[in-house]
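Me: I've got a model open and want to understand it piece by piece. Can you walk me through it?

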Amino acid sequence: MSGTVFETVVQKGLQLLDAEAAHRVTILGLKSGLVPSRTSPVDARLAVNLWDLTFPNPLGMAAGFDKNGEVPDALLKLGFGYTEAGSVTPRAQPGNPKPRVFRLPNDLGVINRYGFNNDGHGALRGRLKARDGASGIVGINVGANKDSEDRNADYVAGIREFAEFASYFTVNISSPNTPGLRDLQARSALADLLTRVMAARDEATAKTGRQVPVLLKIAPDIVEGDLKDIVEEVLDKKVDGLIVSNTTISREGLSGEGPFRETGGLSGRPLFQRSTIMLAKARKMAGADLPIIGVGGIDSAETAWEKIQAGADLLQLYSALVFKGPSLIDEILTGLTAKLDEKGLPSLRAARDASVDDWASKEP
């Protein structure tokens, strides 16, 4: 059986399972080595140099898939340029009651209300320690426990816990599934959070001798004035980058088929327009130098290219794999190479921002 046929059969089988069960089966398959490794096209023009890291290609696995850091190396072998574990909270927590994730096949979207279900800091630290010395860029997405009395302290604890292992950190204050979490995006709350997080990072740098970049992941549902406040705080506190964006609570543009009324964050193709507009607006506000990772609705080489032209330095995806499988990774990377050939460009950086004015002029 060829690799393509095998993948098609597996993909159809997974679609017969409950969405969360299919997720777990996929994790187990990656852990066992049943999912075949892929070699992404070797094209030096796809490499991205940010901070002190060299990303072999711009495409990363977004947080939420490998919540507990079980399969980072398997994901890298699939062809991802990097991967992100988490969100992880100090204490293990079960998340919200099941069912809590729903496919929208007619819209190629997913709704989830997982609620930061994860095994906690200790379990993730053990797994990262076990792979100590392995190559590849693995970011750690830190969150706060639902019942925490001091959520800022939870983020600080995450920085301290994983500073010796993380390639970069993502501070996730934008999940819609932990009550009150998005309130941390308000300017005064954000200023305090970022001050404490960056101080913890700098303390860790003094101990480890390496400075781990810190990125802030924001929601796509904030108004333009609030986005301006966020960007100004990011620049003022010298945060190393933005991730735009998390899932949306909007249901605009859905077909009305399937479990579209379920509460939770919507991801996949329906998020593309909203998240790309937010990306471009953030790029215009932040200027050319702040690294930004574009996330939301990437399911083809064309949508990946649009994110770059709208201001993204790096990309992440997750939901599209639910419908298209891991062959999408090669499809996107091959397509980006073809785009560079078509445009006669030496790098992805040369393509960045080409459409930023057009995207930034739109309203979600």
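Reply: Let's start with a definition. Buried means under 20% relative accessible area, exposed means over 50%, and partly exposed is in between, using a 1.4 Å probe and protein chains only. This is a predicted model, where local features need pLDDT of at least 70, side-chain atom pairs count only at pLDDT 80 or more, and totals for chains, interfaces and linings use all residues. Residues are numbered from 1 along each chain as its sequence is written, and side-chain values use heavy atoms, with hydrogens and water left out.

Me: OK. Is Ser175 buried or exposed?

Reply: Ser175 counts as buried because its relative accessibility is 7%.

Me: Which feature does UniProt place there?

Reply: The unreviewed UniProt entry places "active site" at Ser175. UniProt positions are given in the numbering used here, feature names are shortened, and annotations may be inferred rather than shown by experiment.

Me: What is Ser175 in contact with?

Reply: Leaving aside neighbours within four places in sequence, Ser175 touches Phe116, Leu181, Arg182 and Asn246. Contact means heavy atoms within 4.5 Å. There is also a backbone atom to look at. A polar atom of the Ser175 side chain lies 3.2 Å from the backbone nitrogen of Asn177.

Me: Now the strands. What do 8 strands close into?

Reply: A barrel, in the order E3-E4-E7-E8-E9-E10-E12-E13, with parallel pairing. The twist averages 25° from one strand to the next. Axes are lines fitted to C-alpha atoms, for helices over the stretch in contact, and angles run from 0 to 180 degrees between N-to-C directions.

Me: How many bridges are there between E3 and E13?

Reply: Strand E3 (residues 59-61) pairs with strand E13 (residues 314-317) over 3 bridges, in the parallel sense. Two strands pair if DSSP finds at least two bridges between them. Look at Met61: its bridge partner in E13 is Leu317.

Me: Where is Asn112 placed?

Reply: Asn112 is in strand E6 (residues 109-112). Asn112 counts as buried because its relative accessibility is 17%. Its side chain has a polar atom 3.1 Å from the backbone nitrogen of Tyr114. Beyond neighbours within four places in sequence, Asn112 is in contact with residues including Arg100, Asn177 and Thr247.

Me: Switching topic. Where is Gly143 found?

Reply: Gly143 is in the loop between strand E7 (138-142) and helix H5 (151-162). Gly143 counts as buried because its relative accessibility is 0%. Past its neighbours within four places in sequence, Gly143 has contacts that include Val88, Phe116 and Asp154. The C-alpha atoms of Gly143 and Thr178 are separated by 9.8 Å, with the two residues 35 apart along the chain.

Me: How many aromatic pairs does the structure hold?

Reply: The structure holds 5. Rings of Phe, Tyr and Trp (its six-membered ring) pair if their centres lie within 6.5 Å; planes under 30 degrees apart count as stacked, over 60 as edge-to-face and the rest as tilted. Phe55 and Tyr82 are edge-to-face, 5.0 Å centre to centre with 85° between the planes.

Me: Why does that pair tie together parts that are 27 residues apart in sequence?

Reply: Because Phe55 lies in strand E2 (residues 53-55) and Tyr82 in strand E4 (residues 82-88). Phe55 and Tyr82 are buried. Tyr82 also pairs edge-to-face with Tyr168, at 6.2 Å centre to centre and 65° between the planes.

Me: Which residues form one aromatic cluster?

Reply: Trp51, Phe55, Tyr82 and Tyr168.

Definitions and conventions: A polar contact is a pair of N or O atoms within 3.5 Å; within protein, one must be able to donate a hydrogen and the other to accept it, and residues adjacent in sequence count only if both atoms are side-chain atoms. Helices (H or I, at least four residues) and strands (E, at least two) are DSSP runs, numbered from the N terminus.
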